[in-house]
Amino acid sequence: MLIMILIGIIPTVIVETVVLRNYENRAVSSRSVIIRNQCDIICNKLAKEGYLEDPSNENIEAQLVMLTSIYGGRIIIVNRDYRIIKDSFDIAEGRYIISPKVMDCFAGSETTYYDSEDQYIEMTAGIRGTGPDAEKIKGVILLSCTTKEIEANKTYMSRVGLLILGIIVILIILGGFFLSGYLVRPFKKITSAISSNKGDRLTEMEPVDTYTETSQISEAFNTLVSQVNILNDSRSEFVANVSHELKTPLASMKVLSDSILMNPETTADEFREFMEDISSEIDRENAIITDLLSLVRMENKVDEISVVETNVNELLDLIIKRLKPIAEEANVELVAESFRPVSAQIDPTKMALVMTNLIENGIKYNKPEGGWVRVALNSDNSFMYLTVSDSGIGIPEEAYDHIFERFYRVDKSHSRHIGGTGLGLAITKRAILMHGGLIKVTSKEGEGSTFSVRIPLTHIV
Ligand code: ADP
């Protein structure tokens, strides 16, 4: 509204000032031209009639009176001796006048002077001789006339201007008030839709299509709302899953300890057996919490990736060495093949986690006898490739995307018996994404699965 008022008022004030100033200049100059003409006419007459020699010419006297009364001024006529021979105010007759203007006029330069403060125009005009003396200046007319009516017109015009300005200001204030209210109404609608959105589940607003901007804002808001809702849903689902996963080992421990407590005849062997079961449930609970923490840390970016140039072949050898005993225990043949020396900018701890999780899964979800897990490491100019294939139970195609979700297991009962937290692949995928890489799975149920990982050799932040 303020901007509108300023935009309305500033040009009006400028226009008014410029118009008034122009009017004064033009009025004064046109008045000067008219008076100068009159002066020239009078000068010619005075010269012709020989007024300077004999000032008692009534005809001229009448013309001078008329001239002074029309222009509200004063005429002084000075002869060659600088003596005033005529003063229309009858004050200075007979006196001498030696002013610079009069002297300049005798020297041939006629002057016009405007005094804007006292509001009058003063000019000098030379009275030339006749016949051979036509070029000589014999006398000077000093004429001053008032410009009060120019000032009066100016005052009148400025008053009218002020009145117009006042009307414009009032119109602009009223218009600005209503127009700005009207213009911001769609934004108010958006604000109230946003501020009324409370609680866990946000509601989308009706699109406000009044302006392109408002429709863009409401569209952006609705996109944000749906993202927040998805996030809220997944958070609730995550909390529910976590609670469920954490409660399962606790429930088992409760059952085991209750059965010891309720049976006073528990033998030492039974007691030991139950305690072993309780201990393994504690291990399981511990594994879930550890995995959960590392996943949450990675997702919240608390765990920053610390990249170093790493010899990936050595890293893989180390992991294979660590997992060999587990593979042997499960009767699974574990073979690793490096096609070339691979050096990459990676976080070795996170990459070790990726390799361990994939190989461990290959061992876990394998055949009871005679199964194998093959790991291949290769690279080209830009990427390193890690492939972990197994001869295990395989994964149904519809589960390809889900296995990377938190707590997702293809076969819940089977997995529980095998162990595992349901978080391994979620952590793996997160770690790979932090490296700017990709993971892909192909599998055939009953025949085995292949997990392919691609990581850039140079880490780009
Ligand atoms: P878990 O701790 O249950 O192994 P993961 O996140 O590592 O959790 O794996 C998620 C699910 O994906 C597993 O429960 C299993 O059903 C399936 N899965 C993962 N790797 C394999 C594999 N190599 N062969 C068959 N199924 C697999």
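1. Elements around the ligand. In this predicted model, three elements each contribute at least two residues to the shell around the ligand: the helices α8 (348–364) and α10 (424–434), and the strand β12 (448–456). Of the elements, α8 gives the most, with three residues.

2. Composition of the shell. The ligand is surrounded by 21 residues, and the closest are N361, Y365, T421, G422 and L425. By class, the shell holds nine nonpolar, nine polar and three charged residues.

3. An N or O atom in the side chain of Y365 lies 2.6 Å from an oxygen atom of the ligand. For T421, a backbone N or O atom is found 2.8 Å from an oxygen atom of the ligand. On the nitrogen side, a nitrogen atom of the ligand stands 3.5 Å from an N or O atom in the side chain of S449. The ligand taken alone exposes 530 Å², and 98% of that is buried by the protein.

4. Domain layout. The domain assignment divides the chain into domain 1 (2–154), domain 2 (212–299) and domain 3 (308–456). Between the C-alpha centres of domain 1 and domain 2 there are 107 Å.

5. The second largest pocket. The largest share, seven residues, belongs to α5. Domain 2 (212–299) and domain 3 (308–456) each supply at least three residues to the lining of the pocket.

6. The lining of the second largest pocket contains eight charged residues, together with four polar and three nonpolar ones.

7. How many cavities of 30 Å³ or more does a search of the whole structure find? The search returns one. The largest cavity holds about 40 Å³ of space. Its lining is made up of I35, Q38, L67, T68, Y71, G73, I75, L143, S144 and C145. At least two of the lining residues come from each of α1 (2–49), α2 (58–71), β1 (73–79) and β5 (137–146).

8. Six nonpolar and four polar residues form the lining of the largest cavity, and no charged residue takes part. For the second largest pocket, the corresponding count of charged residues is eight.

Definitions and conventions:
Residues numbered from 1 in each chain as written. Predicted model: local features only at pLDDT ≥ 70, side-chain atom pairs only at ≥ 80, totals over all residues. Heavy atoms only, no water. Near = heavy atom within 4 Å. Polar contact = N/O pair within 3.5 Å; in protein donor to acceptor, adjacent residues only side chain to side chain. Areas by Shrake-Rupley, 256 points an atom, 1.4 Å probe, with all protein chains shown as cover. Helix = DSSP H or I, 4+ residues; strand = E, 2+ residues; numbered from the N terminus. Nonpolar A, V, L, I, M, F, W, Y, C, P; charged D, E, K, R; others polar. Domains from an automatic or database assignment. 1 Å grid on protein atoms, 1.4 Å probe; cavity = no way out; pocket = protein on both sides within 12 Å on 5 of 7 lines; lining within 4 Å. Points joined across faces, edges and corners; volume = space filled by probe spheres on them.
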